[in-house]
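Q: Hey, can you walk me through this one? I'm new to reading structures.

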Amino acid sequence: MSRVKLMQGNQAVAEGAIAAGVTFFGGYPITPSTEVAEALSKMLPAVGGKFIQMEDEIAGIGVIIGASLTGKKVMTATSGPGFSLKQELIGYACIAEIPMVIVNVQRMGPSTGQPTSPAQGDVMQARWGTHGDHSIIALTPGSVPECFDLTIKAYELSEKYRTPVILLLDEVVGHMREKIDLPDSYDTVVKPQRKLPQVSPSEYKAYKPDANLVPPMAPFGTGYRWHVTGLVHDEYGFPDGSPAATQKCIDRLHDKIYNNLDEIVLYENYLMEDAEIAIVAYGGTARTAYAAIDEARAKGIKAGLFRPITMWPFPAKQIQEIAGKVKQIIVAEMNYGQYVIEVERAVQGRVPVTLHAKYNSEAITPAELLATIEGLK
């Protein structure tokens, strides 16, 4: 059975959080993400969960770190300046390996910018916003149903790999409304589970990895004691400043993600079988690309879409395969040019890469993108 709803992308994220088993939200309202918090403020108490509005965005991520350490599935949601403020604690969660999902509904920037206007200017911030070498997973939905599905997927990845996961929407997807078929009961949805230790509290080492390089995680308050720090640490969690420990720590944080790219990297191909022109687009811009490609096909132009769903880690293997098949690549994004840099790096000059950028607070239209397709030499 299912429930058919007309729903906003942000609301679908909240529904996905409940379906995944989230029981704690901490955050601070900010346009255009506020509907995520608003919806969860009503939904969480109904399932025995807790919602708390903190005094600012930094506190909002701080409280979910604490709640995650007790074994809860947690979420915070923000945009623009709020995402900037959360970066230090995102880094803390990376090195301390604390599972959580951070929703960032992108808006026009920098600074206050255009609070309710669409943009995709946080792509590189999602990857490199916090300092130092670190791995990160960022997923980008392109529809309201996908907001629901990818929220559940974000928790699956976060809990399995003990890492923060960024759910990177843009204002177009966050605020648009579409039909969605929700399960009649979320009891039927498989809840992602955290790997728990199989040893006694006296034998437990909080950062001793299993074969997949991910350490089991004991919830605070269950008899297991361990040290949590933002410093490089040993298997007990205590600081270790040696070069050997530092390299071992950083290598493992990357390898636990990059050894599993086939599971983590999600993408969609649309009319790519015989495409001579590949458009790379994501989020709300991908919706423009579908229409532009259909119009191009009607005019006899063999265009297709590669839509990265996993923005980070970057789908380098898939882009390299595309570069070996097509004659041209267009990267369409609502920013000054961010993801195009990664595409160019992966393509390595094998085919021309053209940027279609728009950053005036308006979404790219199909007519504009079609004009770029037709203008290729």
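Predicted model: local features only at pLDDT ≥ 70, side-chain atom pairs only at ≥ 80, totals over all residues.

Q: What's a helix here, and what's an axis?

A: Helices (H or I, at least four residues) and strands (E, at least two) are DSSP runs, numbered from the N terminus. Axes are lines fitted to C-alpha atoms, for helices over the stretch in contact, and angles run from 0 to 180 degrees between N-to-C directions.

Q: Which residues of α3 and α5 meet?

A: Ile58, Ile61, Gly62 and Ile65 in α3 meet Leu89, Ile90 and Tyr92 in α5; contact means heavy atoms within 4.5 Å. By class, that contact has six nonpolar, one polar and no charged residues. Here Ala, Val, Leu, Ile, Met, Phe, Trp, Tyr, Cys and Pro count as nonpolar, Asp, Glu, Lys and Arg as charged, and the others, Gly among them, as polar.

Q: And how do α11 and α14 pack?

A: Helix α11 (residues 284-298) and helix α14 (residues 366-374) pack at about 50°, with axes 8 Å apart. So α11 is oblique to α14. Thr288, Ala289, Ala291, Ala292, Glu295 and Ala296 in α11 touch Pro366, Leu369, Leu370 and Ile373 in α14. Sorted by class, the α11 contact with α14 has eight nonpolar, one polar and one charged residues.

Q: Switching topic: how many disulfides are there?

A: The count comes to zero disulfides, taking a disulfide as a pair of cysteine sulfur atoms within 2.5 Å. Cysteine 94 is in no disulfide, and its nearest cysteine sulfur, that of cysteine 249, is 11 Å away.

Q: Is cysteine 94 buried or exposed?

A: Cysteine 94 is buried, because its relative accessible area is 7% (buried means under 20%, exposed over 50%, partly exposed in between, with a 1.4 Å probe and protein chains only). Cysteine 147 is buried too, at 0%.

Q: Where does valine 74 lie?

A: Valine 74 lies in strand β4 (residues 74-78), and at 1% relative accessibility it counts as buried. Beyond four places in sequence, the contacts of valine 74 include Val22, Phe24, Ile64 and Tyr155.

Q: Which peptide bonds are cis?

A: One of them runs from threonine 31 to proline 32, with omega near 5°. Another is from tryptophan 312 to proline 313, with omega near 0°. Proline 32 is in the loop between β2 (24-27) and α2 (34-46).

Q: What about phi of arginine 162?

A: Phi of arginine 162 is near 50°, a positive value in a residue other than glycine. Most residues other than glycine have a negative phi. Arginine 162 counts as buried at 1% relative accessibility. Glutamine 348 also has a positive phi, near 55°, but at 63% relative accessibility glutamine 348 counts as exposed.

Notes
Residues numbered from 1 in each chain as written. Heavy atoms only, no water. Parallel < 35°, antiparallel > 145°, perpendicular 65-115°, else oblique.
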